[in-house]
Amino acid sequence: MPFLGQDWRSPGQNWTKTQEGWKKTTADEKNNNVSVESFCKAEEEEECFNKENLPISLSYDMAAKKRKKDQMNNNTKVPYFHREKWIYVHKGSTKERHGYCTLGEAFNRLDFCSAIKDTRRFNYVVRLLELIAKSKLPSLSGVAQKNYMNILERVVQKVLDEQQNVRPIKELLQMLYISLCGLVQDMGKSVLVGNINTWLHRMENILQWQQQLDNIQIKRPTSTGMSLTDLPVSLQLNIMQRLTDGRDLVSLGQVCPELGPLTEDRLLWKRLCQYHFTDRQIRKRLMVSDKGQLEWKKMYFKLSRCYPHREEYIDTLHFCSHCHILFWKDTNHPCTANNPDSCTMALSPQGFINLFNF
């Protein structure tokens with residue numbers, strides 16, 4: 001098969017299809033064989049295409065074509081999202097399957113668009129987006145990077161509409177912006193796919209989303225019945241014990257001054273420390289007050305700066321070791337094992353990423 005692309009090593013010859021087959025012709029021979037009628041027709045077509053600012057031959061600058069293509073892709077208002085509930089993760093080549101399933105391919109094909117609408121999966125997807133923004137964004141394909149930004153836009157829009165989960169989304173956008181600031185500087189090293197202007201525009205969108213989240217003013221709902229402050233103290237403490245983030249306790253004491261003394265309860269902070277950290281980690285960061293008591297609240301924030309928190313999610317992605325299928329927890333997958341539940345394991349967001357570290 002002859003080479004049909006533009007080659008800088010070409011000696012000025014082109015391949016031309018004739019009735020006898022493919023033949024090489026020089027530019028002079030080609031000009032001599034062109035009739036006046038075809039030349040006029042080509043000239044009219046060239047004028048028509050020039051009006052629309054579209055390239056018509058390989059002599060045009062390739063960068064102009066790329067900018068045109070990037071502009072068309074960025075102006076797409078309705079992005080396409082895959083809605084597959086399970087995918088096959090093949091880690092090697094066989095006679096039936098060739099190649100590998102990458103992180104970008106899994107991110108594109110799995111149904112993350114519907115997952116962000118489910119309250120059981122929302123925190124899981126947000127944590128996954130945070131891990132990808134931290135270190136895995138350059139490993140994604142161009143389609144996966146674009147899909148990442150589209151899903152992130154939907155996440156931000158959901159938070160703006162419902163006015164919930166504002167803090168984790170702020171942290172996600174801040175981490176993504178810091179990562180992009182470093183990656184954009186290395187655009188010439190094939191770090192990010194696409195035009196640098198495209199990524200600068202996306203960074204501007206991130207700053208706009210941060211501004212919109214900062215401007216959210218959550219209005220106190222009109223009380224139509226019993227509120228949290230009307231409950232007995234024992235029930236109030238029971239509710240506070242179900243909070244897994246110490247920052248939520250601090251915010252609760254700031255919003256409701258009546259609950260301020262309860263949010264300082266030492267038992268609450270002790271349970272938080274024991275929930276997130278091991279005994280060995282706690283012993284390394286002991287803090288004792290002047291009265292000889294352990295400062296559990298100060299220890300919690302000090303431990304949070306040194307060690308990661310314990311992560312628990314209502315619904316996660318699962319991987320079947322028998323059939324090598326990645327699926328959501330409540331989705332049936334076509335497993336041929338006698339006991340499919342014994343072959344499946346729940347994947348944390350970090351476990352999902354580690355699954356594709358071949």
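**Strand pairing**

Strands here are DSSP E runs of at least two residues, helices are H or I runs of at least four, and both are numbered from the N terminus. I count two strands as paired if DSSP finds at least two bridges between them. In this pairing, Y88 stands opposite I325 of β5.

The model is a predicted one, in which local features need pLDDT of at least 70 and side-chain atom pairs count only at pLDDT 80 or more, while totals for chains, interfaces and linings use all residues. Residues are numbered from 1 along each chain as its sequence is written, and side-chain values use heavy atoms, with hydrogens and water left out.

I then traced the sheet that holds β3 and β5. The sheet is open, has four strands in the order β3-β5-β4-β6, and pairs them antiparallel. Its edge strands are β3 (86-88) and β6 (344-347), each of which pairs on one side only. I noted an average twist of 25 degrees from one strand to the next; axes are lines fitted to C-alpha atoms, for helices over the stretch in contact, with angles from 0 to 180 degrees between N-to-C directions.

**Chain totals**

I took the totals for the protein chain next. Its secondary structure comes to 16 helices and six strands. Of the 358 residues, 32% are buried, where buried means under 20% relative accessible area, exposed means over 50%, and partly exposed lies in between (1.4 Å probe, protein chains only). The chain exposes about 23600 Å², and carbon and sulfur atoms supply 50% of that area. These areas come from the Shrake-Rupley method with a 1.4 Å probe; for residues, only the protein chains shown count as cover. Among contacts (heavy atoms within 4.5 Å) between residues at least 6 apart in sequence, 60% join residues at least 24 apart.

**Salt bridges**

How many salt bridges does the structure hold? I found 14 of them, taking a salt bridge as a side-chain nitrogen of Lys or Arg within 4 Å of a carboxyl oxygen of Asp or Glu.

I looked up D248 and R167, whose closest N and O atoms are 2.7 Å apart in a salt bridge. D248 is in helix α11 (residues 246-255) and R167 in helix α8 (residues 166-184); the pair links distant parts of the chain, 81 residues apart. D248 is partly exposed at 29% relative accessibility, and R167 is partly exposed at 28%. Both residues belong to a salt-bridge network that links R167, E171, D245, R247 and D248.

I also looked up D214 and K170, which form a salt bridge at 3.1 Å, N to O. D214 is in helix α9 (residues 196-214) and K170 is in helix α8, so this pair ties together parts that are 44 residues apart in sequence. D214 is partly exposed at 46%, as is K170 at 34%.

The next pair was E264 and K297, with a salt bridge at 2.8 Å, N to O. Here E264 sits in the loop between α12 (260-263) and α13 (266-276), and K297 in helix α15 (residues 296-306), so the parts tied together are 33 residues apart in sequence. I read a relative accessibility of 44% for E264, which is partly exposed, and 26% for K297, also partly exposed.

**Cysteines**

I checked for disulfides, each being a pair of cysteine sulfur atoms within 2.5 Å, and the count is zero. C323 is buried at 12% relative accessible area, and C273 is buried at 0%.

**Positive phi**

Q163 has a phi of about 55 degrees and lies in the loop between α7 (142-162) and α8. Q163 is partly exposed at 31%. For H324 the phi is near 60 degrees, and the residue is in the loop between β4 (317-320) and β5. Is H324 buried or partly exposed? H324 is partly exposed, at 33% relative accessibility.
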